[in-house]
Amino acid sequence: MRVIAGSYRGRKLSPVEGKDVRPTSDRLRETLFNILAPRMRGGRFLDLCAGSGSVGIEAISRGASEVVFIESSRRACSIIEANLRTLGIESGARLINRDVLFALQQITGASAHFDIVFFDPPYASELYDQVMNQLPTGNLLAAGSIVVVEHRSKHQLAPAYSNLATYRQLNQGESALSFYKFEADLERLPPTSDF
């Protein structure tokens with residue numbers, strides 16, 4: 001696993017070992033950031049169920065001003081800390097070792113307003129709807145924020161969660177990325193699919 005582009009391009013990252021962890025593939029991560037590139041520089045990025053931190057670290061490498069990693073596993077948090085240390089990232093990164101729903105409640109009270117959220121729970125998780133329903137509440141999202149959810153391509157998410165509405169779905173093998181946009185009066189557009 002490596003950083004694909006940006007200031008840390010080509011640097012190796014340590015994975016979280018174990019069968020219960022499924023990291024986002026380099027190919028899917030590259031596709032994700034090619035799509036997000038115009039919005040990345042200077043943006044605030046929230047990495048939910050962060051695993052090894054590879055997606056959030058990619059965001060830092062590509063110019064995000066701040067990345068908040070939320071991960072419930074202490075073992076995974078140790079890997080995120082090690083990866084940040086190895087790359088020499090000392091500012092612009094915050095790690096929260098908590099259950100994702102509790103952590104979202106905790107940061108809602110702060111001036112959050114994230115520009116991009118990446119949410120990648122275990123594919124069999126029951127967190128999808130709970131987290132997606134919580135994200136549009138409070139002040140977690142800035143106007144026009146993008147929320148990207150990685151999920152099994154066979155598993156269809158709801159087309160909208162309050163003021164979050166899907167506008168694109170991209171499939172790669174068994175994995176899919178669903179893109180949602182946050183706006184108060186969002187026009188409901190049918191999702192598009194890329195194969």
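Colleague: Which polar atom lies 3.5 Å from the backbone nitrogen of Ser-54?

Modeller: One in the side chain of Ser-52. Bear in mind that this is a predicted model, where local features need pLDDT of at least 70, side-chain atom pairs count only at pLDDT 80 or more, and totals for chains, interfaces and linings use all residues. Numbering starts from 1 along each chain as its sequence is written, and side-chain values use heavy atoms, with hydrogens and water left out.

Colleague: Where is Ser-52 found?

Modeller: In the loop between strand 1 (44-48) and helix 2 (54-61). Helices (H or I, at least four residues) and strands (E, at least two) are DSSP runs, numbered from the N terminus.

Colleague: Is Ser-52 buried or exposed?

Modeller: Buried, with a relative accessible area of 6%. Buried means under 20% relative accessible area, exposed over 50%, and partly exposed in between, using a 1.4 Å probe and protein chains only.

Colleague: And what does Ser-52 touch, leaving out residues up to four places away in sequence?

Modeller: Met-1, Ser-14, Pro-15, Val-16, Ile-57, Ile-79, Ile-80 and Asn-83. Contact here means heavy atoms within 4.5 Å.

Colleague: Switching to Thr-31, which helix is that in?

Modeller: Helix 1, residues 26-40. Thr-31 counts as buried at 19% relative accessibility, and it touches Leu-170 and Gln-172, not counting residues up to four places away in sequence.

Colleague: How many disulfides does the structure hold?

Modeller: It holds 0; the cut-off is a pair of cysteine sulfur atoms within 2.5 Å.

Colleague: What about Cys-77, buried or exposed?

Modeller: Cys-77 is buried, at 0% relative accessible area. Cys-49 is buried too, at 17%.

Colleague: Okay, helices 4 and 5. At roughly what angle do their axes cross?

Modeller: Roughly 5°, and the axes of helix 4 (residues 100-108) and helix 5 (residues 127-134) come within 10 Å. The axes are lines fitted to C-alpha atoms, for helices over the stretch in contact, with angles from 0 to 180 degrees between N-to-C directions. The two helices are therefore roughly parallel to each other; angles under 35 degrees count as roughly parallel, over 145 as roughly antiparallel, 65 to 115 as roughly perpendicular and the rest as oblique.

Colleague: Which residues meet there?

Modeller: Val-100, Leu-101, Leu-104 and Gln-105 from helix 4 meet Leu-127, Gln-130, Val-131 and Gln-134 from helix 5.

Colleague: Zooming out, how many helices and strands does the protein have?

Modeller: It comes to 5 helices and 9 strands. Of its 195 residues, 52% count as buried.

Terms used: A polar contact is a pair of N or O atoms within 3.5 Å; within protein, one must be able to donate a hydrogen and the other to accept it, and residues adjacent in sequence count only if both atoms are side-chain atoms.
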